[in-house]
Amino acid sequence: DFNNKRIAVPNSVIDKEIIRTAQLAERRAIRNFLLVSVGYDTDVEKAIAILQRAVVSHPDFYDTRTEEEARSGVEKSVDVVVVNLGPASVDLRASVWSKDAATGFAVLCDLRRTIAKFFETGELTPPYDSKKVWLHGEQR
């Protein structure tokens, strides 16, 4: 629960009762994750902004704001977080909501193509794996 206490529901109750939640609204949309790796020389804040703009501008973007939030002017948003610092990359993950799984797959494919264009134009830098090789022994 919200207080980090474990809730146990006996099987005998699950088998005989309907369990309803009073606090959680049913959400029909599903969340998909778009993973993008950028090089360490990329401005991470700029990369996050690019991902957010790309997702929000997609025609099948699923807006998770409530009607009240939309009416009051709360802007559409997309969560983008840094999920890993790899040997050659900063790995970002965007939460992309869609109305169903099939739409989510298509949206992710479109977004990958869009993001590839940012790599082509140089607005994002791809990760390049580089190695230093040290040779020991006689110099020639």
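Three salt bridges are counted in this structure, which is a predicted model. One of them joins the side chains of Arg65 and Asp63, with a nitrogen-to-oxygen distance of 2.6 Å. Arg65 is partly exposed, at 22% relative accessibility, and Asp63 is likewise classed as partly exposed, with a relative accessible area of 27%. Another salt bridge links Arg71 with Glu67, whose closest N and O atoms are 3.9 Å apart; because these two residues are four places apart in helix H3 (residues 67–71), about one helical turn separates them. Arg71 and Glu67 are both exposed. A salt bridge is also found between Asp110 and Arg113, where the closest N and O atoms lie 3.2 Å apart. Here the two residues are three places apart in helix H4, so that they too are separated by about one helical turn. Asp110 counts as partly exposed, with 25% relative accessibility, whereas Arg113 is exposed, with a relative accessible area of 54%.

The wider fold can be described next. The chain contains four helices and three strands, and these elements follow one another along the sequence in the pattern α-β-α-α-β-β-α. The three strands form an open sheet in the order S1-S3-S2, with antiparallel pairing. Strand S1 (30–38) and strand S2 (80–85) are the edge strands, each of them pairing on one side only, and the twist from one strand to the next averages 30°. In general, the strands of a sheet pair through backbone hydrogen bonds, in either a parallel or an antiparallel manner. Strands S2 and S3 run antiparallel and are joined by five bridges; Val81, for example, has Arg93 in S3 as its bridge partner.

Helix H2 (residues 44–56) lies across S1, S2 and S3, and runs at about 20° to S3. Helix H4 (residues 101–121), by comparison, lies across S1 and S3, running at about 20° to S1. Within helix H4 is found Thr103, which is buried because its relative accessible area of 14% falls under the 20% cut-off. When neighbours within four places in sequence are left aside, Thr103 is in contact with Asp60 and Ser98.

A buried position in the sheet is provided by Val90, which belongs to strand S3 (residues 90–98) and has a relative accessible area of 5%. Beyond residues up to four places away in sequence, Val90 touches Val36, Ser37, Val38, Tyr40, Val44, Val82, Asn84 and Leu85. Although Val90 and Val38 are 52 residues apart along the chain, their C-alpha atoms are separated by 5.3 Å. For the chain as a whole, 70% of the contacts between residues at least 6 apart in sequence join residues at least 24 apart.

The surface may be considered last. Of the 140 residues of the chain, 26% count as buried, and the accessible surface of the chain comes to about 11200 Å², with 50% of this area belonging to carbon and sulfur atoms. A nonpolar patch on the surface is formed by Ile7, Val9, Val13 and Ile14, which together have about 330 Å² of accessible area. Val9 lies in the segment before helix H1 (11–16), and this residue is partly exposed, with a relative accessible area of 39%.

Conventions. Residues are numbered from 1 along each chain as its sequence is written. This is a predicted model: local features need pLDDT of at least 70, side-chain atom pairs count only at pLDDT 80 or more; totals for chains, interfaces and linings use all residues. Side-chain values use heavy atoms; hydrogens and water are left out. Buried means under 20% relative accessible area, exposed over 50%, partly exposed in between (1.4 Å probe, protein chains only). Contact means heavy atoms within 4.5 Å. Patches are made of residues with over 30% relative accessible area and no salt bridge: like charges are joined within 9 Å, nonpolar side chains (Val, Leu, Ile, Met, Phe, Trp, Tyr) within 5 Å. Accessible areas come from the Shrake-Rupley method with a 1.4 Å probe; for residues, only the protein chains shown count as cover. A salt bridge is a side-chain nitrogen of Lys or Arg within 4 Å of a carboxyl oxygen of Asp or Glu. Two strands pair if DSSP finds at least two bridges between them. Axes are lines fitted to C-alpha atoms, for helices over the stretch in contact, and angles run from 0 to 180 degrees between N-to-C directions.
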